[in-house]
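Visitor: I am new to this structure. Could you show me how to read it, one feature at a time?

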Amino acid sequence: AWGQFDTLRRDSPVHWTPSSLGDGYWSVTRYADIATVDRDPATFTSMKFVNLEDVDDDLQDLRRSILETDGTRHTALRKLIQREFSARNLRQYEDFLRGLTRVTVDNALALGGFDFVKEVSADFPIQVLARLLDVPESDTGQLIDWGNQLIGNTDPDYSEFLLTDPGSDRYKHLPFRSPASIEVFEYGRELARERRGGDGRDLVSVLVNRVPEDGEPLTATDFDNYFLLLVVAGNETTRHTISHAMHALISNPAQLALLRDQPELIPGAVEEFLRWASPVYHFRRTATRDVELGGKQIREGDKVVMWFASGNRDDTVFDDPYRFDVTRKNVDHLSFGRGGPHLCLGNSLARLEIRLMFEELIPRITDAHLDGEVRRVRSNFVNGIKTLPVRLTPA
Ligand code: HEM
């Protein structure tokens, strides 16, 4: 897809794209236009849902999370747990997380050759979430399976509920009526029942006991959808960033050596890892009025898709964008969105996880090689690596 994005940015940066998933949509591929769309929720609303697929009207309200909410309600729902996700608050977890990465890395290195996704990047983000939700470690395997089925729902290896017929009603309902989502709702509701009225400081307790600033408590549906979003949002995204970064370091041994010699470069390198990985290909908006963008006339009701992955390779912003360079300065990537109201709520957590993983991994290895075929996730939404066979030489 990268070549197609290059062509679109050059020849037709706001491009009408027919789709088998419903009506067509406008593909927005330049960095500056993506920023315009993301920062203007009055013109480009999230209320009509944010992925390429259509969602039936009756399902919209039933399955609306903060991602699909605008305005004061969105602000209130976001603020409800914003503090929990601040860099400052997350400091309390740093030792715990570092311990987790150490164990993960040590166990993997003892294997010599292994699938990096399976042994290192897959379980870690959900183990972290399990800690924030304060659920037993023994539940993490189940949470990981649910996460895979919910996001990777177009990959046959992840979902038995795979849709081979994009025109079908079943397709439209995904992932909202998949068996995995029902199970996640039940699991979340059970936690909510246990914690209602308590004084816990975990995310579930906060969601059920803290009142949003607009004075409207969460409805049962609000809770379901918030909980589901938390399970899904940080799982595959963080995993794929870690996998892509490892892959890029294997392909660029000099950069791996540089980070080993100068570990103080790792926090900055995390931003390049995120740009390089572009784990979320797109989010979608819907035009609330006729508006011109990039020389094209967009009509009220049209779908407008922000291709973050394309913006991350825009050479008017990133010099030589296909060069992976851990010393790149001011990497103002689009991987968490571009400064709009929906900017990734978990961005500080994701950054912390990725940094700690590589701060622990890089000093422990002298050499890294691919050891088999790299397989990608089939998805129009996450840029994922399914298997990454590696051979890492312990230091
Ligand atoms: C929103 C990417 C990790 C929770 C978003 C958005 C993107 C994104 C692109 C939408 C931005 C927009 O529309 O402007 C990522 C990536 C991650 C990551 C690439 C990892 C590398 C996480 C984590 C969590 C999380 C760890 C929490 C556990 C959320 C939530 C929203 C969101 C709750 C919705 C915010 C809102 O609608 O106001 N993320 N995310 N994300 N993310 Fe993340």
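Guide: Start with contacts. Two residues are in contact if their C-beta atoms, placed from the backbone, lie within 7 Å. Keep in mind that this is a predicted model. Now take Val 184. Leaving aside neighbours within four places in sequence, Val 184 is in contact with Trp 146, Leu 228 and Val 231.

Visitor: Where does Val 184 lie?

Guide: Val 184 lies in helix α11, residues 179–195.

Visitor: Is Val 184 buried or exposed?

Guide: Count the C-beta atoms around it. A residue with 20 or more others within 10 Å is buried; one with 12 or fewer is exposed. Val 184 has 24 other C-beta atoms within 10 Å, so it is buried.

Visitor: Which residue counts as exposed?

Guide: Gly 301 does. It has 12 C-beta neighbours inside 10 Å and therefore counts as exposed. Gly 301 is found in the loop between β7 (296–298) and β8 (303–307). Its contacts, beyond four places in sequence, are Thr 286 and Ala 287. Distance along the chain is another thing to read. Gly 301 and Thr 45 are 256 residues apart along the chain, yet their C-alpha atoms are separated by 9.7 Å.

Visitor: What does Trp 26 touch?

Guide: Leave out residues up to four places away in sequence. Trp 26 then touches Val 14, His 15 and Trp 16, and also Lys 296, Ile 298, Asp 302, Lys 303, Val 304 and Val 305. Trp 26 is in strand β2, residues 25–28. It has 24 C-beta neighbours inside 10 Å, so it counts as buried. Thr 286 is 260 residues away along the chain, with 9.7 Å between its C-alpha atom and that of Trp 26.

Visitor: How do I read two packed helices?

Guide: Two packed helices are described by the angle between their axes and the distance between the axes. Here, take α14 (residues 235–251) and α16 (residues 266–277). They pack at an angle of about 100°, with axes 9 Å apart. That makes α14 roughly perpendicular to α16.

Visitor: Which residues make the contact?

Guide: From α14 come His 240, Thr 241, His 244, Ala 245 and Ala 248. From α16 come Phe 273, Leu 274, Trp 276 and Ala 277. By class, this contact has six nonpolar residues, three polar and no charged ones.

Visitor: What can backbone angles tell me?

Guide: Most residues other than glycine have a negative phi. Phe 49 has a positive phi of about 80°, although it is not a glycine. Its place is in the loop between β3 (44–45) and α3 (57–62). Phe 49 has 22 C-beta neighbours inside 10 Å, so it counts as buried. Ser 278 also is not a glycine, and its phi is positive, about 35°. Ser 278 is in the loop between α16 and β5 (282–287). With 24 other C-beta atoms within 10 Å, Ser 278 is buried.

Visitor: Give me one last residue. Where does Val 331 lie?

Guide: Val 331 lies in the loop between α17 (308–311) and α18. It has 20 other C-beta atoms within 10 Å, so it is buried. Beyond four places in sequence, Val 331 touches Glu 271, Glu 272 and Arg 275. Val 331 and Val 317 are 14 residues apart in sequence and 9.2 Å apart in space, C-alpha to C-alpha.

Notes: Residues are numbered from 1 along each chain as its sequence is written. This is a predicted model: local features need pLDDT of at least 70, side-chain atom pairs count only at pLDDT 80 or more; totals for chains, interfaces and linings use all residues. Axes are lines fitted to C-alpha atoms, for helices over the stretch in contact, and angles run from 0 to 180 degrees between N-to-C directions. Helices (H or I, at least four residues) and strands (E, at least two) are DSSP runs, numbered from the N terminus. Angles under 35 degrees count as roughly parallel, over 145 as roughly antiparallel, 65 to 115 as roughly perpendicular and the rest as oblique. Ala, Val, Leu, Ile, Met, Phe, Trp, Tyr, Cys and Pro count as nonpolar, Asp, Glu, Lys and Arg as charged, and the others, Gly among them, as polar.
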